[in-house]
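Q: Please take a close look at the interface between the two chains. Which residues and contacts make it up?

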Amino acid sequence: MSEFMYLFRGGQVQGSPEQMQQHMQKWGVWIKELTEKGFFKAGQPLDRTGKLVKGSPKTVTDGPFAESKDLIGGFLLIDAKDILHAVELSAGCPILETGGAVEVRPVLKM
Amino acid sequence: MVAALTRVFGIHNLALAEDVVQDALCRALEVWKFQGAPDNPSAWLMATAKNRALDVLRRERTARTFAPELGRLLETEWTLRPAVEEMFEARTIKDDQLRMMFSCCLPRLPEEAQVALILHILCAFSAGEIAGAFLSTQAAIEKRISRAKKVLAGSKKLFDLSDTRDFPARLKAVHRALYLLFNEGYHGASSESAVRAELCEEAMRLGALLRDHPASSTPATHALCALMCLHAARLSARVDASGNLSSLLDQDRSRWDGALLCEGRRLLDLSATGSELSEYHVEAAIAAVHADAPRVEDTNWAAIVALYDTLLTIRPSPVVALNRAIAVGQNEGPERGLDEIEAIRDRDRLAGYPFYFAALGELELRRARRAVAREHFRAALALARSPMERRFLEQRVGACDEPRAST
């Protein structure tokens, strides 16, 4: 087993509070499934606001940091056999239904 | 609430669950004092407890481990709230209570500790109330509960309802605990009548929870619930207008609760499946024979004696034998009843039981040996456990003086 990180980009849900809630439930179901199968290691959703610290004078600016479609909405750390397996496991991610993307990256062992 | 929170926090964090509930109650008192109570106080409390639980889980998730079966679901915000929400849903709460009931009936704990735990955790009785119900001191009950809680918290895991290997034995212990709980309310030694009726109600509520779950809705569960209904139906008639204890023979049967009798008979019918004949089946059947008699002289005493014979084979006890002898006395006359009492093998174990002497007194009185009867009633009086029993037995002593005593 190797470690992989999912970075969730874009995929804003529009709609009524009920629709938002339904969408969040899908996330819950998907992560619960990963947990029960023992792939889930850690992860958190991220708020859409924040600060950006940049350059050697360390200028601090408010977000957003990129186009809304590129905004990272959260991350997960999972265990998978290899990159193909990690990609396969990401297929159930609800972000794919709302036009978002899952970036699958192997954790580098240094 | 404690049951639901313990499910989330894990049994080893029982004290934490209780703290959160305590906290929610304190918040309620503060807020309600200024804003008045909300329309749905229990939902308000539930929501407050839930939010407190989320705070605790977030703050302490690195320092403590919580429920092992929920594991990582509590570690990430992706699933934390939904997982906690799920634990607080009505259906889950019912299961939580059931799971807690089974967890309280740890074989390692003495039966009275199991009952005290159930009353404390699932029925929210204070140590003082439990002490009142069990005729014990508050300090003794507090000690008993805290010791039991320690054992419970050390059991690592809540009882798993799908554990088919341990389930039947544990269900038996749960039946026993509910039976004792109900009995404490019904025949109990306590003098506080309000608490006693509540004990019966709580036992019946928890019994209904057992019936609701497919795994625990066994014939014996139905029989136990039938037994409780049939006895509870007579609860209001046990005390007469002047607040005195009234024996089954003298009760105003029109005051029996018809709806509860019906429910009891229905449950008894439901219990008549499978091959297991539990003591609850037999006791419920005895109660049903009494319930079927509109007047005391219509009672089918022969059927009752036969049922006591069966009960003695399932659960031999001098108290059961005594009750059988009383039924024989009703059926075949006081001499035969006294013979049967004489024949009880471990009769010496009844020496501290007031109703042993009261039964001897009744039978002697019925064959007009007033002086002997009076001595028996006096012996019973000396053993009486509550003011109500005392008043009842004083009245029986008095009955021995009257030229034409009624029995």
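A: **The interface of chain A and chain B**

Between chain A and chain B, four residue pairs are in polar contact, with both residues at pLDDT 80 or more. A polar contact is a pair of N or O atoms within 3.5 Å; within protein, one must be able to donate a hydrogen and the other to accept it, and residues adjacent in sequence count only if both atoms are side-chain atoms. This is a predicted model: local features need pLDDT of at least 70, side-chain atom pairs count only at pLDDT 80 or more, and totals for chains, interfaces and linings use all residues. Residues are numbered from 1 along each chain as its sequence is written, chains are lettered from A in the order in which they are written, and side-chain values use heavy atoms, without hydrogens and water.

The two chains share one salt bridge. Lys32(A) and Glu86(B) form a salt bridge through their side chains, at 3.9 Å, N to O (side-chain nitrogen of Lys or Arg within 4 Å of a carboxyl oxygen of Asp or Glu).

On the chain A side, helix 1 (17-36), strand 2 (40-45) and strand 5 (72-80) each give two or more residues (DSSP runs: helices H or I, at least four residues; strands E, at least two; numbered from the N terminus).

In total, 15 residues of chain A contact nine of chain B (heavy atoms within 4.5 Å). The buried area is about 1000 Å², with 70% from carbon and sulfur atoms (accessible area, 1.4 Å probe, that two parts lose on being put together, summed over both). Phe40(A), Gln44(A) and Pro45(A) lose the most area in chain A, together 37% of what that side buries.
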